[in-house]
Amino acid sequence: MDRSNRMQPAQVGASSPPSPRLPELERLEQELAVARQRLDAQLHHTPLAVIELDCESRIIRWAGEAERLFGWSAVELVGRVVFDLPWLHEDDCESLSEMIRCMCSGRLRYARDTIRHRGKDGRMVHCAWHSSAIADTKGRTTSIQSLLLDVTDRARSEEAITQV
């Protein structure tokens, strides 16, 4: 028996027995990973444009049909302030700004609005925004996730009817 203060080779790297919570934690982490994969798949393959904004109006997600619909890629826009881009119709900026203020303050959890945009190619695109506030564990809004439906054809039809 070695009476010195040195560690015995069998003790090097020894650890305490696994915690009974560890398998449960691993199971929950796996479930969370699968849920995230499902959500990411839905958001990236939806026929809707997916735009998520933080409470400083910066784009933090640009997915789904957003690139096809507007012409800009996520690489070009993520991190940029939505009001600094040439894609909002000037008459609709205040409406979007008010929606963001109300949702980030907690006054609204869900909002719907129709907003006009300019695509990268200059064409006008009308979109119905369906927005939901995303909150942290304390209930504070951290972002706004919006699903945008292209309603340009409907808007043009309504415009044509009113001009007749």
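Predicted model: local features only at pLDDT ≥ 70, side-chain atom pairs only at ≥ 80, totals over all residues.
## The nonpolar core

The largest nonpolar core has 26 residues, and the members that touch the most others are W62, F70, V82, W87, L96 and W129.

Leaving aside its neighbours within four places in sequence, L96 is in contact with V82, F83, L88, I115 and W129. Two of these partners, V82 and W129, are also listed with L96 among the core residues that touch the most other members.

Now look at the two strands β1 and β2. They pair in the antiparallel sense, over five bridges. To find your place along the pair, look for A49, which stands opposite G64 in β2.

Between the strands of this hairpin there are four residues. Here S57 takes a positive phi, near 70°.

How many aromatic pairs does the structure hold? There are four. One of them joins W62 and W87, with 5.5 Å centre to centre and 80° between the planes, an edge-to-face arrangement. W62 lies in strand β2, while W87 lies in the loop between α3 (74-77) and α4, so this pair ties together parts that are 25 residues apart in sequence.

Are these two residues buried or exposed? W62 has a relative accessible area of 6%, so it counts as buried. W87 is buried too, at 0% relative accessibility.

W87 has another ring partner, F70. The centres of these two rings are 5.0 Å apart and their planes stand at 75°, so this pair is edge-to-face as well. Because F70 lies in helix α2 and W87 in the loop between α3 and α4, the pair ties together parts that are 17 residues apart in sequence. F70 is also buried, with a relative accessible area of 1%.

## Putting the rings together

Finally, step back and view these rings as a group. W62, F70, W87 and W129 form one aromatic cluster. These four residues are also among the core members that touch the most others, which brings us back to where the tour began.

Technical notes: Residues numbered from 1 in each chain as written. Heavy atoms only, no water. Core = buried A, V, L, I, M, F, W, Y, C linked by side-chain atoms within 4.5 Å. Buried < 20%, exposed > 50% of the residue type's maximum accessible area, 1.4 Å probe, protein only. Contact = heavy atoms within 4.5 Å. Pairing = 2+ DSSP bridges. Phe/Tyr/Trp six-rings, centres within 6.5 Å; stacked < 30°, edge-to-face > 60°.
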